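Dear colleague,

Please find below the structure that I am handing over to you, together with its sequence.

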Amino acid sequence: MFAITGIEPCCAEGDTILIDPPRIARIGYESSLWHELGGVKRISVDGGYLVPGLHDSHTHLAFSLAVSADLRYVRDVGELIAVMKRHVEKVRRLGYPYVVGRGWDHEIFPSRAMPTIDDMDRVSTDHPVIAVRVCGHLAVVNTVMLERIREWGLERKYPQYIIKEDGRPTGVIVEELLWEVIGRLPPPPMNILINHTIRYLREYASYGVTHLNIVSVEERHVPVLEEALTKVPLVIGLYPHARAYAVVKSKARKAVVCGIKMYADGSLGAETAYLREPFLSGRNGEMLISRSDIVDALDLMGDEGQLAIHAIGDAAIHYVIELVNSLGLRPQRVRIEHASLTPPDVLEEIASYRPHVVVQPHFMISDWWADKKLGKDRARHLYALKSLHSATKVYGSSDYPVEPKNPLLGVYSAVLRPGIGSLSPTEALSVDDAFTIYSRDPCMGETMLKEGARADIAILSGNPRKMSPHDIPSIRSLATLVGGLPVYVDKGFVSGFDTP
Ligand SMILES: [Zn+2]
């Protein structure tokens, strides 16, 4: 038993919380709890703002990033070469035999020119180097990597996908060839993946997150995650793909299997979301799942478990609701992931069926081009957070690595709605509502500040209700506790916790 004093609880009266792990014993004022505090260890976190542990209801483990350089923020070819060069040192230390980078976009380079084989040879002339463009359909390689591609017999198999100029390879490879090359890269060694996953969980804890729903889980993720959870024991719900459901279920111990992840359509960025009217370009997505796919997934799960169905376009959302409704599925067993484009009639369908809806407010910043793809009249109906919040139960998430992990960036986006020009300002959430959607998930339910509840809590560095919403992203956790035990402590501000 121990007490944390000097805090301001978000949703209870008092300045002190008494914790008897794994539960909250008391919340109140130190002055009135004195008879219960005798002999109890006290930790002072002066000015800390106590909240229920935060949740990210849709995140990915992103193993590919464990041994890849992150090129998403690279602004020109020179910077790309510099980042990849530093990465050569890292992979040499890790003992990984390839230099892989991901996420560059030459559209934002001043020259708008693609990097070349000569640029990649500047990164290394002895390691194979490959830098994949943000779209995932194109990459640039160095001479060593190109030789490796020849050794694998892939030049003969896909000559058209090795782009040449004046008969000489430019270093650019595309489509199936690229995917086959990626498929041949060895998986990162276990110790690297475990460290990667420990950092992933610890970073979440540093934002006050205690609960994650990890989606698109495969068999290979499970032993790594289970090991990392012995170091950073967050509360984890898993949504594997149908093909991995049985094996993930048999291997998961600390993590709980909550359901199955499915895809009903693609994305706005790639113009593969399924819309009632095509994108302005004329392209459109299509329905990727059928009634029998859903029936098969339900057979796998039996009477328990949720379907987490990715649906972004208005047509995809409509058909998903129609399908699950016609199967007589209880709405608590259905999560719609993203629900990005919801014109009024689709909102009505959501309100009458009431599935869980898992949103990513930070998409509003990343999808700044949405007006151009959809037209302003339609883009107005994107990310209708307030309407969704009043129609059904909504949950906040990041879709990391698509968006940053930090839920406070999600709160900021939900409140201010920056980014896309034509977004409806009336769909903004209040700070309270934004925190509500990040304090629950569809599998584990909600975290609460009340006596007897599990002590899954975070002490934040500031009170978001008393600051400009612009400052919310600067909030950090001073201490994050799961079941009353610290999983993260900012030792610069707080002392006295037995260290995590
Ligand atoms: Zn996702």
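Residues are numbered from 1 along each chain as its sequence is written. The model is predicted: local features need pLDDT of at least 70, side-chain atom pairs count only at pLDDT 80 or more, and totals for chains, interfaces and linings use all residues.

Domains

The domain assignment gives domain 1 (1–53 + 448–500), domain 2 (68–184) and domain 3 (191–446); such bounds come from an automatic or database domain assignment. The C-alpha centres of domain 1 and domain 3 are 29 Å apart. Between these two domains, 19 residues of domain 1 are in contact with 23 residues of domain 3, a contact being a pair of residues whose C-beta atoms, placed from the backbone, lie within 7 Å. On the side of domain 1 that touches domain 3, at least two residues each come from β6 (49–52), β24 (457–460), β25 (477–482) and β26 (485–489). Of the elements on that side, β25 gives the most, with 3 residues. By type, the residues of this side are 13 nonpolar, 3 polar and 3 charged. Here Ala, Val, Leu, Ile, Met, Phe, Trp, Tyr, Cys and Pro count as nonpolar, Asp, Glu, Lys and Arg as charged, and the others, Gly among them, as polar. Helices (H or I, at least four residues) and strands (E, at least two) are DSSP runs, numbered from the N terminus.

Nonpolar core

The largest nonpolar core has 149 residues, and Ala131, Leu234, Leu238, Val320 and Ile459 have the most contacts inside it. Helix α11 (residues 314–326) gives the most to this core, with 7 residues. Such a core is a set of buried Ala, Val, Leu, Ile, Met, Phe, Trp, Tyr and Cys residues joined through C-beta atoms within 7 Å. A residue is buried if 20 or more other C-beta atoms lie within 10 Å of its own, exposed if 12 or fewer, and partly exposed in between, with C-beta atoms placed from the backbone. Not counting residues up to four places away in sequence, Ile459 touches Ile4, Ile7, Val45, Gly48, Tyr49, Leu50, Ser477, Leu478 and Ala479.

Strands

An open sheet of 4 strands runs in the order β7-β14-β15-β16 with parallel pairing. Its edge strands, β7 (54–59) and β16 (256–257), each pair on one side only. Pairing requires that DSSP finds at least two bridges between two strands. Strand β15 (residues 235–240) pairs with β16 in the parallel sense over 2 bridges, and Leu238 stands opposite Val257 in β16.

Strand β18 (residues 306–311) is mostly covered, with 6 of its 6 residues buried. Gln306, Ala308 and His310 point one way from β18, while Leu307, Ile309 and Ala311 point the other way. Strand β17 (residues 259–263) is joined to β18 by 5 bridges in parallel, with Gln306 as the bridge partner of Gly259. Likewise, 5 bridges join β18 to the parallel strand β19 (residues 334–338), where Arg335 stands opposite Ala308. β17, helix α10 (residues 291–301) and β18 make a right-handed β-α-β unit, and β18, α11 and β19 make a right-handed unit of this kind. Right-handed means that, with the strands pointing away from the viewer, the path from the first strand over the helix to the second runs clockwise.

A loop residue

Leu33 lies in the loop between β4 (23–28) and α1 (34–37). Why does Leu33 count as buried? Leu33 is buried because 21 other C-beta atoms lie within 10 Å. Leaving aside neighbours within four places in sequence, Leu33 is in contact with Thr16, Leu18, Arg26 and Gly28.

With kind regards
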